[in-house]
Amino acid sequence: VAFLMLIFYVKVTEVLKLHWIFVVYSVAVATLTVARYVFFMLYKPNLLPSGEYEPSINAIVPCLNESEKIYLTVRSIYRSKYPRKMISVTIVDDGSTDDTALWISKAQKDFGCNVITLKQNEGKRNAIQIALKESVSEITVLIDSDVQVSRNGFTEIVRGFTSEKIAIVCGNTGVSNVNRNLLTRMQEMYYYLSYRLFRSAESHFKTVVCCAGSFSAYRTNILKDVASQDWANHKFLGVRRTYGDDRSLTRLVLAKGYDTVYQPNANAVTFVPEDLGSFINQQSRWRRGYLFEALMASTHMWKRPFGAAVLFYLSLFLVMMGPIVMVYCLVLTTLLVGTMPTGYVAAIVVISTLHQVFFAIFKEAHVLKVGAFTLFPAIPFWFFTTLVLIPLALLSIKKNSWLTRRKRAMSQNIVSDGNT
């Protein structure tokens, strides 16, 4: 299905009689899309038998103004089926100014977790680095402070460490507040494609390029090695970088020749932005992190397996070319030639339809309830992201901030065995 739809996509671009560089772009889109589906189908997670490997785990949870979400995160960790004596939790309060301290105190009282309080905001990287210095566990799990881990999340994530060369196992993160509005439904689709499709394809080559900070497990000795003072205080154009910490850690690990894999059965859920302003803030920050880290990683990704290198460089090429192609097809051809961009828009719809079909077939849930076709309304957002956010990310690459979402009512649902 993917191959036939992408033949149509390429044919549309031929009919448009585009410049050769845009034909190359179209072929790259088709190649990358088909390759991702092929490697997704080929990927079979290599896992240890459940319960065979139960190392000591220290879960580090940095937070800033997360209020009661931090308590729910810690509670989900301690409700894990993993042996209680093998789990420790370290919360790092990075200078919160709201009632986060009260919820951390409650978590410490109820569960006995370790707490590090920073008097002023040091940045997420420094918060992780400070906690890591005290870690003596074999495995360190980094968890965002608005994430809830499934009861078998820890048991499943350590199953991915099948060899000493595997340094990071990336868990699977879904969306907990998916039913809030159309925007959260679209993000649920995005998360599903990002993890189940993209990371599965990358993991076929043991080269997941971004082990997400929401829920990923590291061999502690390797993490301490790469998360040095240079990482925590890395500067770009004279400004200390605080964004893209998960991509940066993954890049440094891959550069040292270690492997990174994705474990689709290690489930967790996170809260996503519910309003457009917070969403744009988040996406802008993520784009800055992607562009910087991808350009840095391009110097060594050719050393990885051939298929992994192809996926990486094609993705980077398409992201960099996206704004140029879109301006050419939507603006220049319309103003200078007088042709409507119906063919280009049709091609985008074809790609979106393909992803919709994938989601409807493979999603392990009631897809109609979460919106099996929410990528169609997402197309205008994709245009906005490509035309505005990518150039904006390049222009604001020096900007630093935590993503502190606006306060909202919290759902009390706790994730259990992968389901909310």
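Two strands are taken to pair if DSSP finds at least two bridges between them. Strands (E, at least two residues) and helices (H or I, at least four residues) are DSSP runs, numbered from the N terminus. In these terms, Leu142 has Ser216 in strand 7 as its bridge partner. The model is predicted, so local features need pLDDT of at least 70 and side-chain atom pairs count only at pLDDT 80 or more, while totals for chains, interfaces and linings use all residues. Residues are numbered from 1 along each chain as its sequence is written, and side-chain values use heavy atoms, with hydrogens and water left out.

The chain holds 15 helices and ten strands. Of its 420 residues, 59% are buried, where buried means under 20% relative accessible area, exposed means over 50%, and partly exposed lies in between (1.4 Å probe, protein chains only). The accessible surface comes to about 18,000 Å², and carbon and sulfur atoms contribute 61% of this surface. Accessible areas come from the Shrake-Rupley method with a 1.4 Å probe, and for residues only the protein chains shown count as cover. Among contacts (heavy atoms within 4.5 Å) with a separation of 6 or more, 84% are between residues 24 or more positions apart.

Eight strands form an open sheet in the order 3-2-1-4-7-6-10-5, with mixed pairing. Strand 3 (114–118) and strand 5 (147–149) are the edge strands, each pairing on one side only. From one strand to the next, the twist averages 30 degrees. Helix 3 packs on this sheet and touches strand 1 (57–63), strand 2, strand 4 and strand 5; the direction of helix 3 makes about 170 degrees with that of strand 2. Such angles run from 0 to 180 degrees between N-to-C directions, with axes being lines fitted to C-alpha atoms, for helices over the stretch in contact.

Strand 1 and strand 2 are parallel and are joined by seven bridges. One of the pairs is formed by Asn58 with Ser88 in strand 2. Seven of the eight residues of strand 2 are buried.

Strand 7 (residues 215–219) has five of its five residues buried. Phe215, Ala217 and Arg219 point one way from the strand, whereas Ser216 and Tyr218 point the other way. Strand 7 runs antiparallel to strand 4 (residues 139–143), with five bridges between them. Besides the pair of Leu142 and Ser216, Ile139 is partnered with Arg219 of strand 7. Strand 7 is also antiparallel to strand 6, over three bridges, and there Val169 stands opposite Ala217.

Ile166 belongs to strand 6 (residues 166–175). With a relative accessible area of 2%, Ile166 is buried. Leaving aside neighbours within four places in sequence, Ile166 is in contact with Gly160, Phe161, Arg219, Asp259 and Val261. The C-alpha atoms of Ile166 and Val261 are 7.3 Å apart, although 95 residues separate the two in sequence.

Helix 5 (residues 124–133) is largely enclosed by the rest of the structure, because eight of its ten residues are buried. These are Lys124, Arg125, Asn126, Ala127, Ile128, Gln129, Ala131 and Leu132.

Several loop residues can also be described. Arg79 lies in the loop between helix 3 (69–78) and strand 2 (87–94). Arg79 is partly exposed, at 42% relative accessible area. Arg79 and Arg151 are 72 residues apart in sequence, and their C-alpha atoms are 6.1 Å apart in space.

Most residues other than glycine have a negative phi. Ser67, by contrast, has a positive phi near 55 degrees. Ser67 is located in the loop between strand 1 and helix 3, and is buried, with a relative accessible area of 8%. Lys206 likewise has a positive phi, near 55 degrees. Lys206 is part of the loop between helix 7 (182–203) and strand 7, and is partly exposed at 35%.

Leu332 is in helix 12 (residues 306–337) and is partly exposed, at 36% relative accessibility.
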